[in-house]
Amino acid sequence: MHKDVESILYSETLLHKRISELGNMINKDYAGEKLIVVGVMKGANVFVADLIRQLDIDVVLDFIVVSSYGASTESTGIIRLLKDLDENISGEHVLVVEDIVDSGLTLDYIVNNFKTRKPASVKVCTLLNKVERRKVDIKVDYIGFQVPDEFIIGYGIDYAEKYRNLPYIGVLKRSVYE
Ligand code: PRP
């Protein structure tokens with residue numbers, strides 16, 4: 001375990017088991033359809049790479065880059081779209097893939113933005129859901145785990161751009177950020 005990690009919340013094995021279950025649900029719900037899967041960078045990078053390999057429907061992979069946190073632990077509420085979609089999503093089924101939903105501000109911005117482009121549907125899949133911190137009411141269609149209000153890192157999730165490479169999800173030691 002990394003020296004800055006207090007405890008492991010979800011091991012690599014547990015993550016892959018749950019991602020396979022999410023993949024099965026998505027395969028069933030979109031059977032016979034084409035799906036545009038949109039990873040929200042940078043955090044969702046690792047999750048989306050594992051999730052799409054569980055899908056046996058027609059998948060087009062796209063990415064957007066948004067940023068809200070900077071190096072702080074609190075959301076500023078200001079979402080910046082740093083890179084837009086490459087795909088035209090008009091008339092298409094879209095699945096937005098996030099690593100974590102916290103205040104919900106990022107997803108609220110993304111979903112509302114996408115809806116103006118008249119897709120056939122927009123759904124959301126997140127690996128982690130931290131409902132305790134929600135500021136806006138948003139619908140999340142596929143959830144890997146409900147997480148406690150701890151400082152979570154690993155498997156794509158950073159603190160000040162570090163720890164994204166950890167293969168598990170862990171809790172960051174308070175001494176690192178206090
Ligand atoms: C994180 C995470 C989500 C967002 C969730 O991204 O990946 O996109 O915050 O927070 P919210 O529900 O409070 O909006 P971040 O802005 O840290 O960028 P990153 O993905 O590049 O790490």
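Which residue has a polar backbone atom 2.9 Å from an oxygen atom of the ligand? In this predicted model, that residue is Lys42. A backbone N or O atom of Asp102 lies 2.8 Å from a ligand oxygen atom, and a polar atom in the side chain of Thr106 is found 2.4 Å from an oxygen atom of the ligand. Taken on its own, the ligand has 500 Å² of accessible area, of which the protein covers 94%.

The surroundings of the ligand were then examined by element and by residue class. Strand 5 (93–101) and helix 3 (105–115) are the elements that contribute two or more residues to the shell around the ligand. Of the elements, strand 5 gives the most, with four residues. In total, 17 residues surround the ligand, and the closest are Glu98, Asp99, Ser103, Gly104 and Thr106. By class, the shell comprises five nonpolar, six polar and six charged residues.

Strands of a sheet pair through backbone hydrogen bonds, in either the parallel or the antiparallel sense. Both arrangements are represented here. Strand 2 (residues 34–41) is largely enclosed by the rest of the structure, because seven of its eight residues are buried. Strand 2 pairs with strand 3 (residues 58–67) in the parallel sense, over eight bridges. Within this pairing, Leu35 stands opposite Val59 of strand 3.

An open sheet is formed by three strands in the order 1-9-8, with antiparallel pairing. Strand 1 (5–10) and strand 8 are the edge strands, each of them pairing on one side only. Strand 8 is joined to strand 9 by two bridges, and the two strands run antiparallel. Ile152 has Val171, in strand 9, as its bridge partner.

A pair of aromatic rings is described by the distance between the centres and the angle between the planes. For Tyr159 and Tyr177, the ring centres are 6.2 Å apart and the planes stand at 65°; the pair is therefore edge-to-face, as the angle is over 60 degrees. This pair links distant parts of the chain, its members being 18 residues apart. Tyr159 belongs to the loop between strand 8 (152–153) and strand 9 (169–172), whereas Tyr177 belongs to helix 4 (residues 174–177). Tyr159 has a relative accessibility of 16% and therefore counts as buried, the cut-off being under 20%. Tyr177, at 24% relative accessibility, counts as partly exposed. Together with Phe151, Tyr159 and Tyr177 make up one aromatic cluster.

Asp86 provides an example of an exposed loop residue. Asp86 is placed in the loop between strand 4 (80–83) and strand 5. Its relative accessibility is 63%, and Asp86 therefore counts as exposed, which requires a value over 50%. The side chains of Asp86 and Lys83 are joined by a polar contact of 3.5 Å. Asp86 and Leu61 are 25 residues apart along the chain, and their C-alpha atoms are separated by 9.6 Å.

Technical notes
Residues numbered from 1 in each chain as written. Predicted model: local features only at pLDDT ≥ 70, side-chain atom pairs only at ≥ 80, totals over all residues. Heavy atoms only, no water. Phe/Tyr/Trp six-rings, centres within 6.5 Å; stacked < 30°, edge-to-face > 60°. Buried < 20%, exposed > 50% of the residue type's maximum accessible area, 1.4 Å probe, protein only. Near = heavy atom within 4 Å. Polar contact = N/O pair within 3.5 Å; in protein donor to acceptor, adjacent residues only side chain to side chain. Areas by Shrake-Rupley, 256 points an atom, 1.4 Å probe, with all protein chains shown as cover. Nonpolar A, V, L, I, M, F, W, Y, C, P; charged D, E, K, R; others polar. Pairing = 2+ DSSP bridges.
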